[in-house]
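Let's take a walk through a protein model together, one side chain at a time.

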Amino acid sequence: MDFDGTLPTVGLPAIVAVVALGGAIGASARFGAGRLWPTAHGAFPWTTFAVNAVGCAVIGVFLVVVTELYQAHPLVRPFFGTGVLGGFTTFSTYAVDIERLVKADRPATAVAYLAGTLVTALVCVWAAATAIRRFAARHTGAQSGVAA
């Protein structure tokens with residue numbers, strides 16, 4: 001932190017480097033999950049569904065923490081939010097999974113997966129962000145002697 005209490009600005013090369021590093025970590029974790037829990041041909045892609053749901057919940061918590069609760073270093077958000085979580089969650093695999101389900105003559109499963117992932121992702125972000133805000137409000141209230 002600078003002497004005036006502001007966070008230092010960072011250059012584009014540093015941002016690109018932390019996004020790349022975070023992306024490699026996140027994508028490796030997603031790849032590992034896919035290897036641990038592979039999806040059978042024509043089956044509902046539960047691993048990708050779960051990865052995207054968990055990633056969206058973590059995004060909800062993370063963004064509240066770094067935008068509302070704490071002043072994080074300028075490289076934290078690009079590293080973790082864009083890099084790690086962007087590499088972990090996956091729209092491309094989601095799209096490929098839908099295509100595979102359609103080609104496997106499972107259009108109803110494809111539509112359920114398409115809509116279910118979208119709704120679940122939005123609910124996970126909202127629920128996690130709401131939960132961390134409530135937790136922080138209670139914790140702050142307890143610390144200051146104010147009843148929550």
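Predicted model: local features only at pLDDT ≥ 70, side-chain atom pairs only at ≥ 80, totals over all residues.

Start with Arg133, which is partly exposed at 40% relative accessibility. Residues are numbered from 1 along each chain as its sequence is written, and side-chain values use heavy atoms, with hydrogens and water left out.

What does Arg133 form with Glu68? The two make a salt bridge, with their closest N and O atoms 2.7 Å apart. A salt bridge here is a side-chain nitrogen of Lys or Arg within 4 Å of a carboxyl oxygen of Asp or Glu. Side chains of opposite charge can pair when their charged atoms come close. Glu68 is partly exposed too, at 45% relative accessibility. Because Arg133 sits in helix α5 (residues 107-144) and Glu68 in helix α2, their pair ties together parts that are 65 residues apart in sequence. Helices are DSSP runs (H or I, at least four residues), numbered from the N terminus.

A search of the whole structure finds two salt bridges. An α-helix has 3.6 residues a turn, so residues three or four places apart point the same way. Lys103 is exposed, with a relative accessible area of 67%, whereas Glu99 is partly exposed at 41%.

Stay with α4 for a moment. The buried residues of this helix are Tyr94, Asp97, Ile98 and Leu101. Seen down the axis of α4, they fall within an arc of 100°, so they line one face of the helix; the arc is that of the directions from the helix axis to the C-beta atoms. The face turned away from this buried side carries the exposed residues Arg100 and Lys103. After α4 comes Asp105, whose phi is positive, near 60°.

Leaving aside neighbours within four places in sequence, Thr109 is in contact (heavy atoms within 4.5 Å) with Phe44 and Leu101. Thr109 counts as buried, at 14% relative accessibility.

Phe44 brings us to the aromatic rings. The structure holds seven aromatic pairs. Rings of Phe, Tyr and Trp (its six-membered ring) pair if their centres lie within 6.5 Å; planes under 30 degrees apart count as stacked, over 60 as edge-to-face and the rest as tilted. Phe44 and Trp46 have ring centres 4.3 Å apart and planes at 45°, so their pair is tilted. For Trp46 and Phe49, the centres are 5.6 Å apart and the planes stand at 85°, so this pair is edge-to-face. Is Trp46 buried or exposed? Trp46 is exposed, with a relative accessible area of 56%, while Phe49 is buried at 16%. Both lie in helix α2 (residues 46-69), three residues apart, about one turn of the helix. Together, Phe44, Trp46, Phe49, Phe91, Tyr94 and Tyr113 form one aromatic cluster.

Conventions. Buried < 20%, exposed > 50% of the residue type's maximum accessible area, 1.4 Å probe, protein only. Helix = DSSP H or I, 4+ residues; strand = E, 2+ residues; numbered from the N terminus.
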